[in-house]
Amino acid sequence: MVKLEKMLEEFKETADQTLLRDIQDTTKLEQRIRQKMNTSRNKKRPYLAYTVCAAVAIVMVFVGVAPFFKQNEAVGGGGQATSVPPVAIPSDEAIMQRVQELKSVLHIDLPQDRVTELLSTPDHVASENGGSGDDGADEYWEYSLFRKMGYVSSPKSMIMIDEEGLLNRDTGISVNIGWENKKLLWYSLIYPQGKELYLYKMNSNGTVSESKISESQPTPSILDLSPEEEELYFSYLDKKKDEILRDMTIEQILKMYIRAQQDGDLEMQYALHIQDEEYEKPTLEQFLSDVKKDPIGAENTMRHVQMLREQTDTLEYQWTDKTEGIVWIKFKDNRKKLGYRMIHNKKRIWKVSWMPIQ
Amino acid sequence: MRGLELAQNQLDKTKEALFEEVMQAYLKKVLRLVYLIVKDRSSAEDITQEVFLKAYKGLGSFREESSMQTWIYRIAVNEAKKHLRSWSFRNLFYKPEVDAGIVEGIESAVIKSDHRIRFARIVMELPSSYRQLIILHYYEELSAEEVADIMGISTGAVYTKLHRARQKLKEQLEKEGAW
């Protein structure tokens, strides 16, 4: 123990000479901070902002700048007549670019007036009388982007997808938004790429999913749960009692965790994580709130799970400690193997480490 | 109106001057502290930027109930913890080596003592809640009371966790035969 104390006393010097020896020059970081600080200070001074805005407005009058999202409403969709002349059928690239733009600006709790600013007034609106409200929404909006001038979609109801219109490029993207108290609760984008239609959805808990509409069942994967495992999965989902997991192997627990990610079930994911004071695990409320505020993280999770499902070849388990193990995932395409750190809890039941490296 | 603007400018100047002092005194320290917690240079810089922007906004409300260092370290630890909860961190997957610049290029380091290098690596592999305490207490050389203030826990909890962290270090050193 004496030696440990000595090493701890020397830790400052050791860290400075090894871990931190490259952290010397902070000039660039200082500049970054000053720049940000100036931007934020200027925002607080409306009289300055007005001057700048006035100058920008004058320039806009001369160059004819249209609002960011509205300027491409070239073929008459979006609910507002514009003076922009019609253009050719949108390419898959143009549609995809708009999808990405929408994903970057639409998020949970966005107010209605902000969406109106971005996308203009919706093509269709249904209030709670018209909508089912089962999903917690009290109002629904629909936009058809890249819609051909004069095109009227064949389905008259918002709940039906205009597959034909989208595949023929009579309309480019169908945007559906569910509202609660005038704030965005969820949204979905339906859009064509080649001969396929895709459905992207941001759920009310902040998770996202994306699939081909024609695909009724996902492609089988080694990560699929067997019927017996699925039964235990749903039992645990319902009761959250660790004893249900008692006889499950480390690989089975990991498969359940990936399934919970795939289904966007955050409470299940949280329950499958280790609960231990050593780990920086937030409360469930913090966790749910963090996910809601992190649409990029949600998108990354979705892409990651898709990749795992498609590319996983084998799962290999390796003990690293008496209470810890790693499940190594090897891939079909020979990319670098990936390890999930798993921990035996005090009841000797496998759980997923809160943070795989700490 | 012009008078008001002038007064506002004067206030800003004072605040700016104070902020400059804070940045000169603590920027590198905060960057190093955050880096030791999150173990990634780029994330550490982003977090440090956020820490100083928060500090700038909060300078007016700083009441000197704690020292400036404690105040700014508290912001830094909270921001680093927020990062540890984020997707990007939670989804960094296990890799056998610590990404802390400790292994590669070590030959050229001033320090040649192998056991000290191994010890630094073991500290960096500690679970984050233990690592934060070791860093604040042994690297920043803060008292248990100051650590408690920064982490928002009791002094007793600091002692208990420090004891556990040392136990964990000892186990790891024994396991690796580093004694």
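In chain A, 57% of the contacts between residues at least 6 apart in sequence join residues at least 24 apart; contact means heavy atoms within 4.5 Å. The structure is a predicted model, in which local features need pLDDT of at least 70 and side-chain atom pairs count only at pLDDT 80 or more, while totals for chains, interfaces and linings use all residues. Residues are numbered from 1 along each chain as its sequence is written, chains are lettered from A and ligands numbered from 1 in the order in which they are written, and side-chain values use heavy atoms, with hydrogens and water left out.

View 1. Chain A has 12 helices and 10 strands. Helices (H or I, at least four residues) and strands (E, at least two) are DSSP runs, numbered from the N terminus. Of the 358 residues of chain A, 44% are buried, where buried means under 20% relative accessible area, exposed means over 50% and partly exposed lies in between (1.4 Å probe, protein chains only). Chain B contains 8 helices and 0 strands, and its elements follow the order α-α-α-α-α-α-α-α from the N terminus. Of the 179 residues of chain B, 52% are buried. Residues 24 or more positions apart supply 66% of the chain B contacts that have a separation of 6 or more.

**View 2. The sheet of 6 strands in chain A.** The strands of this open sheet are arranged in the order S1-S2-S3-S4-S5-S6, with antiparallel pairing. Two strands pair if DSSP finds at least two bridges between them. Strand S1 (124-127) and strand S6 (208-212) of chain A are at the edges with a single partner strand each, so one side of each has no neighbour in the sheet. From one strand to the next, the twist averages 15°. Strand S2 (residues 139-145) and strand S3 (residues 173-180) of chain A are paired in the antiparallel sense over 7 bridges, and Leu145(A) stands opposite Ile173(A) in S3(A).

View 3. Helix H5 (residues 92-105) of chain A lies across S2, S3, strand S4 (183-193), strand S5 (196-202) and S6 of chain A, and runs at about 165° to S4(A). Helix H12(A) also packs on this sheet, where it touches S5 and S6 of chain A and its direction makes about 45° with that of S6(A). Axes are lines fitted to C-alpha atoms, for helices over the stretch in contact, and angles run from 0 to 180 degrees between N-to-C directions.

**View 4. The sheet of 4 strands in chain A.** This open sheet has the order S7-S8-S9-S10, and its pairing is antiparallel. Strand S7 (312-319) and strand S10 (350-352) of chain A are the edge strands, each pairing on one side only. The average twist from one strand to the next is 30°. Strand S8 (residues 324-331) and strand S9 (residues 338-344) of chain A pair in the antiparallel sense over 6 bridges; Glu324(A) has Ile343(A) of S9(A) as its bridge partner. H12(A) packs on the sheet and touches S7, S8 and S9 of chain A, its direction making about 100° with that of S7(A).

**View 5. Packing of H9(A) with H12(A).** Two packed helices are described by the angle between their axes and the distance between the axes. Helix H9 (residues 250-262) and helix H12 (residues 295-311) of chain A pack at about 130°, with their axes 9 Å apart. H9(A) and H12(A) are therefore oblique to each other: angles under 35 degrees count as roughly parallel, over 145 as roughly antiparallel, 65 to 115 as roughly perpendicular and the rest as oblique. H9(A) passes H12(A) in a left-handed crossing; a crossing is left-handed if the near helix is turned anticlockwise from the far one by less than a right angle, and right-handed if clockwise. Ile258(A), Gln261(A) and Gln262(A) of H9(A) meet Thr301(A), Val305(A), Leu308(A) and Arg309(A) of H12(A). By class, this contact has 3 nonpolar, 3 polar and 1 charged residues (Ala, Val, Leu, Ile, Met, Phe, Trp, Tyr, Cys and Pro count as nonpolar, Asp, Glu, Lys and Arg as charged, and the others, Gly among them, as polar).

View 6. At 0% relative accessibility, Leu169(B) counts as buried. Apart from neighbours within four places in sequence, Leu169(B) is in contact with Leu4(A), Leu8(A), Phe119(B), Ile122(B), Val123(B), Leu126(B) and Ile134(B). Val123(B) is 46 residues from Leu169(B) along the chain, and their C-alpha atoms are separated by 7.1 Å.
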